[in-house]
Amino acid sequence: MQALDLLKPDGRRLTLYGHHAPTPPASVPSPFADPLAAAAHLRWHPLRGEWISYAAFRQDRTFLPPPEYNPLAPTRDPAAPTELPPGDWEIAVFENRFPSLGGPLQPPPAAIVETAPAQGACEVVVFTQDPATALGALPLARIELLLEVWGDRSTRLAARGDIAWVLPFENRGAEVGVTLHHPHGQIYAYPTLPPLPARLDEHASRHHAATGRTALQDLIAAERGEGNRMLYAGEHAVAFVPVCARYPYECWVAPIAPVADFAALSGPVRADLARALKTALLKLDGLWQRPMPYLMAWYQAPCDGRPQAPWHLHAEIWPAYRSRERLKYLAGTELAAGWFAMDALPEATAAELQRVEVLLT
């Protein structure tokens, strides 16, 4: 992997990645001339015991622009600059112009609850220059490169010293709120460990103390042994519908042996993990022969410097549909109680996905 670090006219950082060193562009574009002046801030939720980020300026972020203007495509007309330059790069990462975390740190407004500056970072990861494709349709070599890019970004963000956890994720499809359809994802870097990974970390500590293994390691062994929910079983990585799925057609992708984070992946494991991820995404798209909207989140170890139980890097993919024509909504029990109610058995949805044939290239 080769990287080229650049600076946008409005002060945001841009990094171009490729299997070969990207050629420096003649100029670095930005749709914005002036630096970002607005700032997000945090407010403490006294009942839930967690932070909430407030960034009112995000109401003005780009929303479903016309087809003739794609801010994530390479700039073709210098008079109408996009976020990215033309050139031979394969993946691009730049600082989000509308961040929920990071940006110019300013004193937070006074409130009747505790407030704090919204330290952290938000980055946009553009998977390809082609606006008409999808992550699952990219060549295996590109998906493998993306896994390496996520590792590089996570390492860089952790090195700042003020980051506790790094979350790479992808929102795909209007059904999950996507405002730009060009294939891309995001990275959020949090100043403290958010509630969900904190809960995972606590459970990981208990499980490892009791067994000497990770909980996911034991689950993967059981899933491979039973076999009826497996979608991909490689030498180093797997994809499967988990027995405990909370969404119909939910898929998990993981290395078989515990790996704490992207940076710890070896070459062979990364290559097989790319095959597992591509298999899961292609099967979801092939299920009804149309693009499947989903949210994909990657869980890796915290980077706050404290002693931790062994983590097990993995992705959870949550499709938006519970059947061909019906969306899966989070309703009373899920939102009010955090208790999920499933509309389909994982064994049934896994069987449907297993019947979808895919070609890995």
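**Salt bridges and burial**

Modeller: E347 has a relative accessibility of 29% and counts as partly exposed. This is a predicted model, in which local features need pLDDT of at least 70 and side-chain atom pairs count only at pLDDT 80 or more, while totals for chains, interfaces and linings use all residues. Residues are numbered from 1 along each chain as its sequence is written, and side-chain values use heavy atoms, with hydrogens and water left out.

Biologist: Why is E347 called partly exposed?

Modeller: Buried means under 20% relative accessible area and exposed over 50%, with partly exposed in between (1.4 Å probe, protein chains only). The 29% of E347 lies in between, so the label is partly exposed.

Biologist: What makes R229 and E347 a salt bridge?

Modeller: The term requires a side-chain nitrogen of Lys or Arg within 4 Å of a carboxyl oxygen of Asp or Glu. For R229 and E347 the closest N and O atoms are 2.8 Å apart, so the pair qualifies. R229 sits in the loop between α3 (215–226) and β10 (230–233), and E347 in helix α6 (residues 346–354), so the bridge ties together parts 118 residues apart in sequence. Helices (H or I, at least four residues) and strands (E, at least two) are DSSP runs, numbered from the N terminus.

Biologist: Is R229 buried or exposed?

Modeller: R229 has a relative accessible area of 5%, so it is buried.

Biologist: How many salt bridges does a search of the whole structure find?

Modeller: The search finds 20. One of them joins R153 and E123 at 2.8 Å, N to O.
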